[in-house]
Amino acid sequence: MPDLTGQVVLVTGAARRIGRGIALRLAQEGARVAVHYLDSEADARRTAEECGGELFRANLESVTEITRLFAAVEQRLGGLYGLVNNAARFTGFDPLEITEKDWDFIHSVNLKAVFFCCQQGARLMQKSGGGRIVNLSSLGGIRPWARHAHYCSSKAGVIMLTRALAKAFAPDITVNSVAPGVIPFPDIDDAGQKMIAATPARRGGTPAEVADAVLYFLKASNFVTGQLLAVDGGLSQR
Ligand SMILES: NC(=O)c1ccc[n+]([C@@H]2O[C@H](COP(=O)([O-])OP(=O)(O)OC[C@H]3O[C@@H](n4cnc5c(N)ncnc54)[C@H](OP(=O)(O)O)[C@@H]3O)[C@@H](O)[C@H]2O)c1
């Protein structure tokens, strides 16, 4: 498998939680990590310090800011080998009550931003002969959740985007997706606890387990593309 030593990898939403876990794992592999954040500046600084990485701030709702983000990565780090589209939002609403604003709040980050980050990332990767893109989708993009129709559709969109862009960007750039199941944090709600109880592995997952799957795709050859790997303790099989 290719070595990530010295390779530039941008992780969006890398200040906390799963994104931080991915950033730290990449640093262990010797990658030069670009730590992206929006509001969690103190956490992002801590993550960047721990990974010896560089900090980048951008609101991914804006394609102008996405374009600036990738230009800054090129200018400060000299190019891009890997892109991990991790940043996302999560809300729950009765679909009969959801507003246009609620819909756009989710889709602007979870799907539109992922597309434009893939576009900008691929343009940069092409300059140095290729690269690797990994999109974080979700169990919610595979299984329907009634109060999360807007979120589920955004993540199902990420899965199809992954497949379509894998064809578009082949053979030099691969595009794959990791779909986490429940990766619990202290704010977990009753619905999340119930999902953990229903998980065949009988536990929630960890950021490190998601990071391992991301790492696999970043290091795999270009013969692995357009794929979806669920890291969900078997929950998608129920
Ligand atoms: N946790 C789970 O159980 C679970 C389950 C299934 C799928 N996933 C997926 O795995 C990924 C990581 O999950 P997570 O729970 O760690 O995510 P999270 O904490 O909900 O969000 C990750 C980061 O996304 C960033 N973000 C949100 N809106 C943004 C915007 N407009 N511009 C720039 N950044 C923005 C935030 O950065 P700042 O804090 O810096 O603002 C946030 O810290 C997500 O794609 C999520 O959908 C998670």
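**View 1. The packing of helix H3 against helix H4.** Helix H3 (residues 63-77) and H4 lie with their axes 10 Å apart and pack at an angle of about 30°, where axes are lines fitted to C-alpha atoms, for helices over the stretch in contact, and angles run from 0 to 180 degrees between N-to-C directions. H3 is therefore roughly parallel to H4, the term being used for angles under 35 degrees, with those over 145 counted as roughly antiparallel, 65 to 115 as roughly perpendicular and the rest as oblique. This is a predicted model, in which local features need pLDDT of at least 70 and side-chain atom pairs count only at pLDDT 80 or more, while totals for chains, interfaces and linings use all residues. Residues are numbered from 1 along each chain as its sequence is written, and helices (H or I, at least four residues) and strands (E, at least two) are DSSP runs, numbered from the N terminus. The crossing of H3 and H4 is right-handed, that is, the near helix is turned clockwise from the far one by less than a right angle, anticlockwise being left-handed. On the H3 side, Val63, Ile66, Thr67, Phe70 and Glu74 meet Ala113, Phe116, Cys117, Gln120, Gly121 and Leu124 of H4, contact meaning that the C-beta atoms, placed from the backbone, lie within 7 Å. The residues of this contact of H3 with H4 comprise seven nonpolar, three polar and one charged, with Ala, Val, Leu, Ile, Met, Phe, Trp, Tyr, Cys and Pro counted as nonpolar, Asp, Glu, Lys and Arg as charged, and the others, Gly among them, as polar.

**View 2. The packing of helix H4 against helix H5.** Helix H4 (residues 100-127) and helix H5 (residues 149-169) have axes that come within 9 Å and cross at roughly 15°, so H4 and H5 are roughly parallel to each other. Their crossing is right-handed. The contact includes Trp103, Ile106 and Phe115 of H4 together with Tyr151, Val158 and Phe169 of H5; by class, the residues of the contact of H4 with H5 divide into 12 nonpolar, five polar and two charged.

**View 3. The packing of helix H1 against helix H2.** H1 and helix H2 (residues 41-51) pack with their axes 9 Å apart, at an angle of about 15°, which means that H1 is roughly parallel to H2. The crossing of H1 and H2 is right-handed, and Arg20, Ala23, Leu24 and Ala27 in H1 meet Thr47, Glu50 and Cys51 in H2.

View 4. Seven strands form an open sheet in the order S3-S2-S1-S4-S5-S6-S7, with parallel pairing, two strands being paired if DSSP finds at least two bridges between them. Strand S3 (54-57) and strand S7 (228-231) stand at the edges with a single partner strand each, so one side of each is left without a neighbour in the sheet. Strand S2 (residues 32-37) pairs with S3 in the parallel sense over four bridges, and leucine 55 in S3 is the bridge partner of valine 35.

**View 5. The surroundings of the ligand.** The ligand is surrounded by 25 residues, of which the closest are Gly13, Arg17, Leu38, Ser40 and Ala88, a residue being near if its C-beta atom, placed from the backbone, lies within 6 Å. Helix H1 (residues 17-28) gives the most to this shell, with three residues, and the shell has 14 nonpolar, six polar and five charged residues. Arginine 17 lies in helix H1 and has a positive phi of about 50° although it is not a glycine.

Methods:
Contact = placed C-beta atoms within 7 Å.
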